[in-house]
Amino acid sequence: MNQEKITELEKTICRDYSNTAGIVVLKNGRTEYENYFNGCTSNCRIHVYSVTKSILSILIGIALDRGYIKSIHQKVLDFFPEYTVKNTMDSIRNITLENLLTMTAPYKYKFAPYLKYFTSDDWVKFSLEQLGGKGQIGKFRYAPLIGPDLLSGILAKTSGCSVFAFASEHLFSPLGITVEKNIIFHSKEEQMAFNSATDISGWVSDEAGNNAAGWGLTLSPADMAKIGQLYLNGGMWEGREIVSKSWIDESTKEHSRWKKQDLPYGYLWWLCDENANTFAAMGDGGNTIYVNKEKNLVVSIAALFTPKAKDRIGLIKEYIEPVFDTGSL
């Protein structure tokens with residue numbers, strides 16, 4: 001192993017990316033690097049924030065593969081026939097599952113009502129009430145928390161079980177990933193403690209049993225690397241198809257774009273180049289699952305939350321990929 005290059009990499013991590021909890025690098029399916037920081041170990045579980053969205057994308061793909069969901073072109077309201085449109089702004093009637101996956105659904109709120117959201121006992125119902133309004137369907141609008149939970153509601157309704165149970169059976173268990181329990185907060189203090197914890201294995205849900213779709217999942221860096229490797233493998237794991245390659249290919253190509261940041265977006269996955277050779281799940285604080293198909297490389301980074309954390313894609317492209325690119329280690 002080229003220890004000099006590794007030492008320089010770790011100096012960069014400690015200096016410029018000091019909230020890093022752990023990093024795993026897989027090259028050609030083998031673990032080339034695994035290290036932990038800030039007192040964390042391989043046993044730690046980190047809140048990966050919006051990486052959770054990409055996990056939901058995988059689960060939606062599995063549900064489509066298994067016939068629970070017919071098409072991403074289905075209207076959102078088709079899944080919620082009990083919902084009554086309360087006003088004359090009926091754009092909500094034309095919003096599709098694909099709009100949720102590509103962040104091209106409009107919402108009524110100008111500023112996200114986070115306090116009301118977090119104190120609601122049914123996040124799916126709350127998100128449905130925010131859907132629609134005067135915004136343009138098809139225009140990118142990133143919805144960090146309020147909105148993605150509709151995907152949880154759709155998955156639960158179509159599969160007949162909770163998202164946690166569905167994920168445990170069809171994704172986590174086959175990959176050897178342990179997510180122990182549903183987590184329900186009873187106070188703001190419990191939620192704040194969860195955000196900084198490193199010893200809680202679970203997935204946040206509301207009191208109605210809806211798992212958060214945009215946040216709330218805890219994973220280890222090794223767990224995150226398995227997700228990346230699954231996508232690099234075209235959905236196969238130990239000879240078994242977990243999710244179809246066609247879904248992976250479709251969900252990791254550009255369907256929309258955040259023009260303000262000039263970032264292409266797939267189905268809850270970010271694209272890192274114009275040729276769809278690299279893509280990533282990215283969460284607040286710097287949590288990242290990065291896949292480079294051309295270089296047969298997966299990098300997972302778990303990070304403790306800090307406001308305005310530096311982008312880990314820069315760390316990966318400038319410092320990590322050059323070290324492991326040649327396979328000389």
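This is a predicted model: local features need pLDDT of at least 70, side-chain atom pairs count only at pLDDT 80 or more; totals for chains, interfaces and linings use all residues.

Let's begin with helix H1, which covers residues 3-16. Its 14 residues, at 1.5 Å a residue, should span 20 Å, and the end C-alpha atoms are 20 Å apart, so the expectation and the model agree.

Which residues of H1 are buried? They are Ile6, Leu9, Thr12 and Ile13. These four cover an arc of only 120 degrees around the axis, which means that they sit on the same side of H1. On the face turned away from that buried side, H1 carries Glu4, Cys14 and Arg15, which are exposed.

What do the buried residues of H1 pack against? There are three partners: strand E1 (20-27), strand E2 (30-36) and helix H11 (312-324).

Take Leu9, found in helix H1, as an example. Its relative accessibility is 4%; the cut-off for buried is under 20%, so Leu9 counts as buried. Leaving aside neighbours within four places in sequence, Leu9 is in contact with Leu315, Tyr319, Ile320 and Phe324. For a distance across the model, take Leu9 and Asn277: they are 268 residues apart in sequence and 24 Å apart in space, C-alpha to C-alpha.

Now the aromatic residues. How many aromatic pairs are there? With ring centres within 6.5 Å as the rule, the count comes to 24 aromatic pairs. One of the pairs is Tyr231 with Trp269, and it is stacked, at 4.8 Å centre to centre with 25 degrees between the planes. Tyr231 lies in helix H9 (residues 221-232), while Trp269 is in the loop between strand E10 (263-265) and strand E11 (270-271), so this pair ties together parts that are 38 residues apart in sequence.

Are these two residues buried or exposed? Tyr231 is buried, with a relative accessible area of 2%. Trp269 is buried too, with a relative accessible area of 0%.

There is also an aromatic cluster to look at. Tyr114, Tyr117, Phe118, Trp123, Phe126, Phe185, Phe194 and Trp215 form one cluster.

The last item is a charged residue and a ring. Where does Arg141 lie? Arg141 is over the face of Tyr109, 4.5 Å from the ring centre.

To recap the helix: the buried residues of H1 are Ile6, Leu9, Thr12 and Ile13, and helix H11 is among the elements they pack against. That is the end of my notes.

Note on methods
Residues are numbered from 1 along each chain as its sequence is written. Side-chain values use heavy atoms; hydrogens and water are left out. Helices (H or I, at least four residues) and strands (E, at least two) are DSSP runs, numbered from the N terminus. The expected span of a helix is 1.5 Å times one less than its number of residues. Buried means under 20% relative accessible area, exposed over 50%, partly exposed in between (1.4 Å probe, protein chains only). The arc is that of the directions from the helix axis to the C-beta atoms. Contact means heavy atoms within 4.5 Å. Rings of Phe, Tyr and Trp (its six-membered ring) pair if their centres lie within 6.5 Å; planes under 30 degrees apart count as stacked, over 60 as edge-to-face and the rest as tilted. A charge sits over a ring if NZ of Lys or CZ of Arg is within 6 Å of the ring centre and within 35 degrees of the ring normal.
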